Amino acid sequence: MPQPDLTLTPAGPALAPRYDDFARTTDTARPYVPATRTSSPRPHDPARTTDGPARTADAPVRTTDDPARKAGGPGRPAVGARNPYRLLFARPGTRAFAAWGLIARLPAGMFGVSAVIMIAAVYDSYALAGAVTATGLAVGSVTAPLIARLVDRHGQARIAVPAAAYATLGHLVLALCVHERAPVWALFATVALTATSPNTGGMSRARWAHLLRDDPGALHTANSFEQAADELCFMLGPVLAAVLCSALFPQAGTLAAAALFLGGTLLFAAQRSTEPPVAPRTPAGSPLRAPGMVPLLAVFLATGAVFGSMEVVTLAYVDGPVAGPVLALQAAGSCAAGLLYGRARRTARLRTCLAAMTVLMALPLLAASAGSLLALAAGLLVAGMATAPTMVTGMGLVQRLTPADRLNEGMTLAVTALLAGIATGSASGGWAADHAPFPSFGFLIPLAAATTALALCAARDATAGMTKARRSW
């Protein structure tokens, strides 16, 4: 057992304090005199009081942002190095807005499935159900950037609350129209009312970007958490919607999703302490004018086609009750990889992430060619691990390219491009499933989409130049 260090003080020998080395480095102007160890507290000890100039000289305040603590200073474990998420959520207010934002986002994975189930159950037409939900997505792709622009201009609480209330009303009216078996045109007109849903994920990322604007490492961890949260919502949401609609009544999923969406958005917006202030308007214009934004959105479009096509071709290949759980493994792999990526000390380049995705997307194709369902499940799990790092890196680029006063609009444009890619991939995957010359043919579509995204990224790097303003992806 090592012997304790002793030091000489005016009162005689005493145990050297744990912060000895750290305190010596912070004060070179006068000799270091540690306090003697006694059995009773001494309020007059300058190293222990809460006021007075002696504190900064002898014993600086140790906070969660203390560099010595993060780096594992003398006598202190490197807490930040071991668990960056613990430091991330130690900041005041972060747990509240992250939790309520997660609840507000969960219905995003419920509304589409619930609408398909309830419309197909009443009208006995999956084609009608798919057309109605596609109409909602199409209108949302137009209105979402406009809603985000209003959020940037007037603040999250002032815009998100009425927009969420209006969208919730649209979902309730749609459920009522289906229950009363209204004319088909009424379904298309009503679903357009739901397109005012605010982008809660984008608003949550904007809060992190504001709180962590001077800490790129912590912002990387926060973006990784947000991506893992998105994957969790789209993994649990469809399952919850299917269970509610089948166990209770066809409209149960829509009603539950509406309650979660409105309640979560209200409580998220109520966290005013972490809401980013409205930035002064600049003449920067639309984020589309930012150098590199349009090529990046093209990459998001091709990446969305990977997700949309993989979902459809997997469902068509498995074609049974186990199709949902098998497909959920891809989201599970992405969620796990996102959390691990958030602990990394360095971020990868987007081109590297896309290259990894392209390679891993070949695994489901090989597994399906072998005819093994178990191998396909394992292939989807591993292939999904490339999703979160790619999205985290891509969203980080969006945050860097977008002007500060239009951050929500920029991230919403990225989500819109992603959704457009998902719709394109779904259509392509459906066509491949119907015209497949062999069972695994459909899995060529996500592989081709990933290759296209990689090619677009590489082409941008080849033409953009290597200056600081246009550094390589």
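Colleague: What does the secondary structure of the protein chain come to?
Modeller: The model, which is predicted, has 21 helices and two strands.

Colleague: How much of the chain counts as buried?
Modeller: Of its 473 residues, 48% do. The accessible surface is about 22,600 Å², and carbon and sulfur atoms make up 66% of that.

Colleague: And what share of the contacts with a separation of 6 or more is between residues 24 or more positions apart?
Modeller: That share is 77%.

Colleague: Switching to helix packing. At what angle do α9 and α13 pack?
Modeller: About 170°, with the axes 9 Å apart. Helix α9 covers residues 156–179 and helix α13 covers residues 252–269.

Colleague: Parallel or antiparallel, then?
Modeller: Roughly antiparallel, because angles over 145 degrees count that way.

Colleague: Which residues meet there?
Modeller: On the α9 side they include Ala160, Val161, Ala164, His171 and Leu172. On the α13 side, Leu255, Phe261, Leu262 and Phe268 are among them. By class, the contact has 15 nonpolar residues, five polar and no charged ones.

Colleague: Next, Ile117. Where does it lie?
Modeller: In helix α7, which spans residues 111–123.

Colleague: What is Ile117 in contact with, leaving aside neighbours within four places in sequence?
Modeller: Ala242 and Cys245.

Colleague: And how far apart are Ile117 and Ala241?
Modeller: They are 124 residues apart in sequence, and 9.0 Å apart in space from C-alpha to C-alpha.

Conventions: Residues numbered from 1 in each chain as written. Predicted model: local features only at pLDDT ≥ 70, side-chain atom pairs only at ≥ 80, totals over all residues. Heavy atoms only, no water. Helix = DSSP H or I, 4+ residues; strand = E, 2+ residues; numbered from the N terminus. Contact = heavy atoms within 4.5 Å. Buried < 20%, exposed > 50% of the residue type's maximum accessible area, 1.4 Å probe, protein only. Areas by Shrake-Rupley, 256 points an atom, 1.4 Å probe, with all protein chains shown as cover. Axes fitted to C-alpha atoms, helices over the stretch in contact; angles between N-to-C directions. Parallel < 35°, antiparallel > 145°, perpendicular 65-115°, else oblique. Nonpolar A, V, L, I, M, F, W, Y, C, P; charged D, E, K, R; others polar.
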